[in-house]
Amino acid sequence: MMAKQLSVFIENRQGRLHEVLSVLKKNDVNILSLSLADTTEYGLLRLIVNNPEKGKEKLAEDGFSTMLTDVLVVKIAHKVGSLQVFLDLLSQNSISIEYMYGLSVDGDDAYVVLKASNLDKVAKILVDNGIDTLSDEQLFGICK
Amino acid sequence: MIWSKEETLSRKEIEEIQLSRLIETVNRVYEKVKPYREKMDAAGIKPDDIKSLSDLSKLPFVTKQDLRDNYPFGLFAVPKDDLVRIHASSGTTGKPTVVGYTQKDLEVWTECVSRIACMGGAQKDDIAQICFGYGMFTGALGLHYGLENIGATIVPSSTGNSEKQIMFMKDFGTTLLVATPSYALRLAEVAREMGYDPIKDLKVKIALVGSEMLTDAMREEMYKYWGNDLKVTSNYGMSELMGPGVSGECLYMDGLHINEDYFIPEIINPETGEVLPEGEKGELVVTCIKKDALPLIRYRTKDITRLNYQPCKCGRTFCRMENLSGRSDDMLKIRGVNVFPSQIEEVVLSFNELGPHYEIIVEREGYSDLLTIRVELAKSTDSFGELEQLSKNIRAKIRTVLGLDAKIKLESPNTLQRFEGKAKRIKDLRSSK
C-alpha cells in the first residue's frame, strides 16, 4: 500500500526547477503531484510520478541528488472537513506528520500524500479504520 | 639500507658541519654575489656576524622574485665557465627561474638522491622507470643520476605515451617507478585498460613519487591500484634548491628526512617572517650550505610543513619534515585567522555524505569577512532535518578546526567545477571590492 515518492534536492538558483522538469519531460515521466519546500539555500522537490525508478535514474544521470521515499497516498472524501477528520485520527494515535501535500483527481475523492516517521503504524491505522490508499499500480492507472 | 654515514651523525656533529658550511657560504656569497651583498648591507649584517646557527635568522630571505629580478645568472656565485649544467623551472608566469650546477654540485645532487632512493627501498637490482619529463625540469635527471649511482638499471621513459610505458614495464620487468602520484595512478589505469592487472602482471614494488603533494588519501589509492605491498614514498625538492633530493621518506613513512649536511631548514610564520619553534607549522625556509653555483640563503619555499628533530626508527638522525600540507600562497586570512585550504579539505573529506570537491568563497560583508564553503552532496535524502543537521555538523567541525564560522552551501553532485591540473578552489572576492 506504500507508494514511491521521487525526491530531488535543488539549490535555490534560477532555472534549477526547470532543469528537473526538462529531464522528466525528455524521458516521458508524468507528474501526478508535487510539493516544493525550500529554505533560503536549497529546496526539496517531492514528486509523485508514473515511473519513479526511471525518473530517479535519469535525474541522477544529470547530476541531481535524488532518492525514492515510501509515502502513503490516502483517499479521503472530496468535501469540507474530511481532512480534519483524518488528521484527528492520526493525532489520536500520536502520529507526527513530517509533510503532506494534496493530489486531486476528478470525481468525489481526493488524495493526500503523507509522510510520517512511523509509516507502517499509519498504514495499520488506515487499514483498521477502513481508509483506502493508492498503491503504485493504482497511481499509474490514474495517469495512464 | 642507509646510503651514507652522515645520515646517522649525532645532532652535535650535524650542527658542527652545518655551522662551518654556513659560515663559508655566507662569506662566499657576500664576496661574489652583488645582490646578496646589497641585501645584507641593507639589513646591516656582515658575514662576521654569523657565529652560531641561531644567527642564521639575522640574514635576509631570498624569494623566487629575487631569482626573476636577477634573471638568468645574477645570483650565481661562480663564473659561467665553471657551470656544467643549467636547468629551469616551468615558470607559469613570466620568465622561468634558472638554476646552474658545477661538476661538484652534480656530485652532491647525485649523493642526495642516492640517499633518498635508498630510503624508499631502492636497491642495485632494481629496474627503475623514470616517468618524469626529461628536459629543463630537474625531476627526471635528478632521480636518474641518483638511481644510476646506486646501481639500479635506468629506463628513462619520460612522460607520455602511457601504453608504451606499460609495455616497457611488462617487457623489462620494471620494479621501481618514478612519477608524480597522479601519473602513477594514471599508469595503473592504462594498464587495466590494456587488460593487465598491475598487481599481478607487473613487477612494480617501489614507487618514488614527488613534485606533487602526496596526501594520505592518494597513498591509499596507490595501494589500491598497485597492491598493498607497494612501497610508496614521497620525496621533496625544488630546482631553486637543487632539484629532488632535499628530503625523502624512509619506509617508516613518518616524515621526510632532510639532507641536513647540505641544507638547513627553518620554519617561519609566513606573515611576519619570524622563526617558529620546533613542531609548529609554517613556511619552510631552506639554506643551501654546500652548493657552488647557486647557494640560496634562506630561500622561501612557500611550502607549509613542520619539523621533527627526533631520530627516526630507521636509524637516521636527520630532521624530518611532515608531508606538505599546502602552500603559503594559498593561505587566506579570514577575520584575522590564517586559513589553509587543506584544513577545509580535511573537514570536507571527513564527511561521507559529501563528495571530495569543494569551493571556498571569501567575501566582504560590511566590515567583516564572510566565509562560504560550497560542497556537493554524495548521499541523497528526503529530509530537511538531515540536510540541516549535515550543514550544522560541517559548520561545527569547521569552527573546531579553524575557529571560524562558515556558511555551508550544499549543492547537487557534479555542480562544482572539475580540474585536470592544479585545482582552483578558492574565490577571494574581497580584493575586487
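The following legends describe close-up views of a predicted model.

Residues are numbered from 1 along each chain as its sequence is written, while chains are lettered from A and ligands numbered from 1 in the order in which they are written. In this predicted model, local features need pLDDT of at least 70 and side-chain atom pairs count only at pLDDT 80 or more, whereas totals for chains, interfaces and linings use all residues.

View 1. Helices (H or I, at least four residues) and strands (E, at least two) are DSSP runs, numbered from the N terminus.

**View 2. Helices H4 and H5 of chain B.** The axes of H4(B) (residues 103-119) and H5(B) (residues 138-149) come within 7 Å and cross at roughly 70 degrees; axes are lines fitted to C-alpha atoms, for helices over the stretch in contact, and angles run from 0 to 180 degrees between N-to-C directions. H4(B) is therefore roughly perpendicular to H5(B) (angles of 65 to 115 degrees). Residues in contact (C-beta atoms, placed from the backbone, within 7 Å) include B:Trp109 and B:Val113 of H4(B) and B:Leu143 and B:Tyr145 of H5(B).

**View 3. Helices H6 and H7 of chain B.** H6(B) (residues 162-172) and H7(B) (residues 181-193) pack at an angle of about 80 degrees, with their axes 9 Å apart. These two helices are therefore roughly perpendicular to each other. B:Ser162, B:Glu163, B:Gln165 and B:Ile166 of H6(B) meet B:Arg186, B:Leu187, B:Val190 and B:Ala191 of H7(B).

**View 4. The largest nonpolar core.** This core (buried Ala, Val, Leu, Ile, Met, Phe, Trp, Tyr and Cys residues joined through C-beta atoms within 7 Å; buried means 20 or more other C-beta atoms within 10 Å of a residue's own) has 86 residues, and B:Val178 and B:Phe263 are among those with the most contacts inside it. H4(B) gives the most to this core, with eight residues. Not counting residues up to four places away in sequence, B:Val178 touches residues including B:Ile130, B:Phe132 and B:Leu143.

**View 5. Where chain B touches chain A.** The contact takes 14 residues from chain A and 13 from chain B. On the side of chain B, helix H11 (384-402) and strand S19 (407-411) each supply at least two residues, and S19(B) gives the most, with three.

Note on methods:
Parallel < 35°, antiparallel > 145°, perpendicular 65-115°, else oblique. Contact = placed C-beta atoms within 7 Å. Buried ≥ 20, exposed ≤ 12 C-beta atoms within 10 Å, placed from the backbone.
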